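This report covers a disulfide, a nonpolar core and a set of strand pairings. The sequence and structure come first.

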Amino acid sequence: QVQLVESGGGLVQAGESLRLSCLLSGRTFIGVAMGWFRQAPGKEREFVSSFSWVAKDKFYADSVKGRFTISTDSAKKTVFLQMDNLKPEDTAIYYCALDQLGRGGRAPSGYGYWGQGTQVTVSS
């Protein structure tokens with residue numbers, strides 16, 4: 001059974017950093033893409049970043065480009081999101097998700113499996 005578990009969230013001040021982790025169980029990364037999304041209170045879930053093992057490419061939302069970095073450890077079946085220079089507007093619950101078709105697109109509907117989320121709070 002496919003399961004995704006996020007960790008690494010917390011409370012930080014503006015300008016500081018956090019590193020999120022997403023552990024995949026139940027399958028390998030072969031033929032898939034993994035994405036990071038976030039959702040703030042009262043807002044829709046939005047795309048943050050993704051990595052496709054099909055295209056072997058990374059993607060970022062404009063709002064985080066240059067500050068966030070996605071990376072992978074296929075042997076450990078883990079995807080990371082390094083978040084630097086955090087801003088209060090980054091405050092949200094962060095989710096990792098699996099796109100079993102390997103596209104790594106920006107739409108949440110393209111991802112069939114989701115983790116439970118981890119809270120990131122950035123104070124000013």
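Cys-22 counts as buried because its relative accessibility is 0%, where buried means under 20% relative accessible area, exposed over 50% and partly exposed in between, with a 1.4 Å probe and protein chains only. Cys-96 is buried too, with a relative accessible area of 1%. The model is predicted: local features need pLDDT of at least 70 and side-chain atom pairs count only at pLDDT 80 or more, while totals for chains, interfaces and linings use all residues. Residues are numbered from 1 along each chain as its sequence is written, and side-chain values use heavy atoms, with hydrogens and water left out.

Cys-22 and Cys-96 form a disulfide with their sulfur atoms 2.0 Å apart; a disulfide is a pair of cysteine sulfur atoms within 2.5 Å. The structure holds one disulfide. This pair links distant parts of the chain, from Cys-22 in strand β3 to Cys-96 in strand β9, 74 residues apart. Strands (E, at least two residues) and helices (H or I, at least four) are DSSP runs numbered from the N terminus. The torsion about the S-S bond of Cys-22 and Cys-96 is about 60°, so the disulfide is right-handed.

The largest nonpolar core has 34 residues, among which Met-34, Trp-36, Phe-68, Leu-81, Met-83 and Tyr-94 touch the most other members. Such a core is a set of buried Ala, Val, Leu, Ile, Met, Phe, Trp, Tyr and Cys residues joined through side-chain atoms within 4.5 Å. Elements that give two or more residues to this core include β3 (18–25), β9 (92–99) and β11 (118–123). The largest share, five residues, comes from β9. Leaving out residues up to four places away in sequence, Phe-68 touches Leu-81, Met-83 and Tyr-94, among others; contact means heavy atoms within 4.5 Å.

| Strands | Bridges |
|---|---|
| β4 (residues 33–39) and β5 | six |
| β5 and β6 (residues 57–60) | four |
| β7 (residues 68–73) and β8 (residues 78–83) | six |

Strand β5 (residues 46–52) is mostly covered, with six of its seven residues buried. Within β5, Ser-49 is the bridge partner of Trp-36, and Ser-50 stands opposite Phe-59 in β6. The hairpin of β4 and β5 has six residues between the strands, and Gly-42 in the turn has a positive phi of about 80°. In the hairpin of β5 and β6, with four residues between the strands, Lys-56 takes a positive phi near 55°.

How values were computed. Pairing = 2+ DSSP bridges.
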